[in-house]
Every structure is written in C-alpha cells, then in structure tokens.
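Please read the following account alongside the sequence and the coordinates.

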Amino acid sequence: MKKFIFTCGDVNGIGPEISIKAINRIYNPSLNKIFFLCPKNVFDNTTNQVVPNFPFEVISKYSNSDGEKVTVINFDKAKLKVGFPTKNSGMISYKAIRISYNLAISKKVDAIITSPISKTALSLANIKYPGHTEMLAEWSSVNNFMMMFLSDKIKCGLLTIHKPISKVAKLITKKRILRSIEVVANSLKQDFGIRQPKIAILGLNPHAGESGLIGKEEKKIIVPAMEKSSYSKFCYGPFVPDAFFANKSYLNYDFVLGMYHDQVLIPFKLLNFHSGVNYTAGLPIIRTSPDHGTAYDIAGGNKADENSLVEAFNYANKIIDNRNRYA
C-alpha cells in the first residue's frame, strides 16, 4: 500500500481547504494510506466549512496506524490570520515541510504532496529559503535538481528558478545547462518512463539571438553545451520562444527547458491554470504540489479549486510506480 503525506502549506491561505477537498476525492483505503500534516485548530476551523467525507484520526506524531482512516498529524497550534502572511504561518509551513521530508527520506511515506507556501511569510519567520525546491534540495545534499511543471499538455522546467531578470543572463552557463539536461533526461527516463526523450531547449534572447545579432548566449553558451552533453541526441533547439509556443511546437517534444521563470510559466499556466503540477526532479524523495500560490484573497471562503492538488497526487502516484519499474 502506498503512503502519501499532504502538508497544510501556509495556514492563512487555501492550503488546508484544498487539502481536505482533494483528500475527499482521492481517499481509497484499499489502495493508499493518507497522512495530513496540519495543526488541529486549523483542521477544525477548515472542517467547519469543508466537510471531510473520510474517517480520520488526529495524533501528535507519525504512527503507522489504522489504514482505514486518514491520519491528521497535529504538530503545532496556529495563530490564524486568514488571508495574510504572518511570521507564525511561515514557521508552521516550514515545520510541515521539514517533518514531511524526514518521513519521506526515512521511507515512512512514499511521496509528499505540498500545499502552497508564501515567500513573504517564510521571510517574516526568518527562513532563508525562497521555496520548497531549494529546501528539499539542500536537505537532500543534491546540487543537480530542477523545478519542473507537469501536465498532460506539456512538461517543462527552468534553468534558473526564482532569480531577478537582471541576473538571469549571467547564470546561463555551460555547466548549468549540462547539469540541467542531465537531470531532465534522467527524470524523464526514471520518473516518467520515457526511454528516448525529446527535449526542446529555448533560447534566452528575442529570436533566440538571431545568429548573434540580438545576444550571444545562444551561439557561445547554449549550443556548445547542447553539443557537449552526453545526452545531446535527446536535445533540440535552441528555439525562438514566442514562435515555439505560438506554433504549438511543444506538442512535438516530451519536455521544454526554459531559461527563466516567466518564459515557461506564462504559457504553462495559460494552458493548465487549474490542473498544473509542480515537481522537484533530481531528489531521492518524491514531492509534488499544485502550480498556484496561497490565494490569500479567497482563503477562508470555501471558493478554492482543488483540482491542481488532485493532479499533484496523481502524478506522485505515477512517479512512484515508474521509479519502482525503471530505477
């Protein structure tokens, strides 16, 4: 039986709400054991609006207990200020991730499904990490990792993650590209069962540099790195980003590697706003999440759509199977 753990995310956002809604949809005790990391007072407050359609138990620490029930792990008491990032909500979201990671790395659970967190709240709590990806990579002592975005329409990833545009060009290096191609190729094979993947790589500059007239990164860095890669036979491009998406060229490839955040995330979210999944590739553990944020503006109103979180569970389920099959 597979074991999944959901985290509450930022308790002042929609995380607790979409978690209960998602568990309502995926609960199947004959196939899966579900854990939910959430302060009891937050769980109680949320269930006043979203009725759980599953039996549950509330305990204070992990226990491999009754498989029929969803196990709510009460690890703290929150000071709720729904709709706003706070120091307390940042610390609770951080603690939930840390606990879930410890359970995953010790193989007590098979996958983590995380609800959205707030960079502002993490900063208020003096947490140095900008997001899940960087935390999990550091804790795993992994240098070669990637933030991926998954859907039935497109799979894509970022060469640089949460970096200001003013710094992106300097971060486009041959070493970074080589490492990114490696983690993409290995993840497509191991996590998604694609044995001969086709990886599209986008250019950095308008018109992909237009033969060096609008930027040199394509000619001097991206193309040489692609040619040097031991996975070069899987790589195509660099493509002109706007034409690539306008012509729906992404349909011809298994994966799209973009150079910076919005280059990939704008088209991805246009295609998959309520169904996209964020995945951290290259880790020894499996972690997925919805591709949206905390949505403070609708928190507490029972208006949040849980579909992206359900899809995060579905992808985690598939990746477990593929890793068992192809590892």
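**Helix packing, cores and local geometry**

Helices α1 and α11 cross in a right-handed sense; a crossing is right-handed if the near helix is turned clockwise from the far one by less than a right angle, and left-handed if anticlockwise. The model is a predicted one, in which local features need pLDDT of at least 70 and side-chain atom pairs count only at pLDDT 80 or more, whereas totals for chains, interfaces and linings use all residues. Residues are numbered from 1 along each chain as its sequence is written, and side-chain values use heavy atoms, with hydrogens and water left out. Helices (DSSP runs of H or I, at least four residues) and strands (runs of E, at least two) are numbered from the N terminus.

Two packed helices are described by the angle between their axes and the distance between the axes. For α1 and α11, the axes come within 9 Å and cross at roughly 55°. Here axes are lines fitted to C-alpha atoms, for helices over the stretch in contact, and angles run from 0 to 180 degrees between N-to-C directions. The arrangement makes α1 oblique to α11; angles under 35 degrees count as roughly parallel, over 145 as roughly antiparallel, 65 to 115 as roughly perpendicular and the rest as oblique. On the α1 side, I18, S19, A22, R25 and I26 meet N307, L309, V310 and F313 of α11, where contact means heavy atoms within 4.5 Å. The residues of this contact divide into 6 nonpolar, 2 polar and 1 charged. In that division Ala, Val, Leu, Ile, Met, Phe, Trp, Tyr, Cys and Pro count as nonpolar, Asp, Glu, Lys and Arg as charged, and the others, Gly among them, as polar.

Helix α1, residues 15-26, also packs against helix α2, residues 40-47, at an angle of about 65° and with the axes 10 Å apart. That angle makes α1 roughly perpendicular to α2. The crossing of α1 past α2 is right-handed. In this contact P16, E17 and I20 of α1 meet V42, F43, T46 and T47 of α2, and the residues involved divide into 4 nonpolar, 2 polar and 1 charged.

Another pair is formed by helix α3 (residues 87-105) and α5, with axes that come within 11 Å and cross at roughly 40°. The two helices are therefore oblique to each other, and α3 passes α5 in a right-handed crossing. Y94, I97, R98 and Y101 in α3 meet H132, M135, L136 and W139 in α5. Their contact consists of 6 nonpolar residues, 1 polar and 1 charged.

In soluble globular proteins, nonpolar side chains tend to be buried together. The largest nonpolar core of this model has 88 residues, of which F4, F6, M135, M148, F192 and I201 touch the most other members. Such a core is a set of buried Ala, Val, Leu, Ile, Met, Phe, Trp, Tyr and Cys residues joined through side-chain atoms within 4.5 Å. Helix α11 (residues 307-326) gives the most to this core, with 8 residues. Beyond its neighbours within four places in sequence, F6 is in contact with A22, I23, I26, I34, F35, F36, L37, I113, L309 and F313. A second, separate core comprises 16 residues, including F244, Y250, L265 and F268.

Helix α9 contains F245. F245 is buried, with a relative accessible area of 16%; buried means under 20%, exposed over 50% and partly exposed in between, with a 1.4 Å probe and protein chains only. Setting aside neighbours within four places in sequence, F245 is in contact with I154, L202, Y250, V256, Q263 and P267.

Several backbone features remain. G237 and P238 are joined by a cis peptide bond, with omega about 0°, and P238 lies in strand β9, residues 235-239. A208, in the loop between β8 (199-202) and α8 (217-228), has phi near 55°, a positive value in a residue other than glycine. A208 is buried, at 13% relative accessible area. K248 likewise has phi near 55° and lies in the loop between α9 (241-246) and β10 (255-258).

Finally, N143 lies in the loop between α5 (132-139) and β6 (146-150). N143 counts as exposed at 62% relative accessibility.
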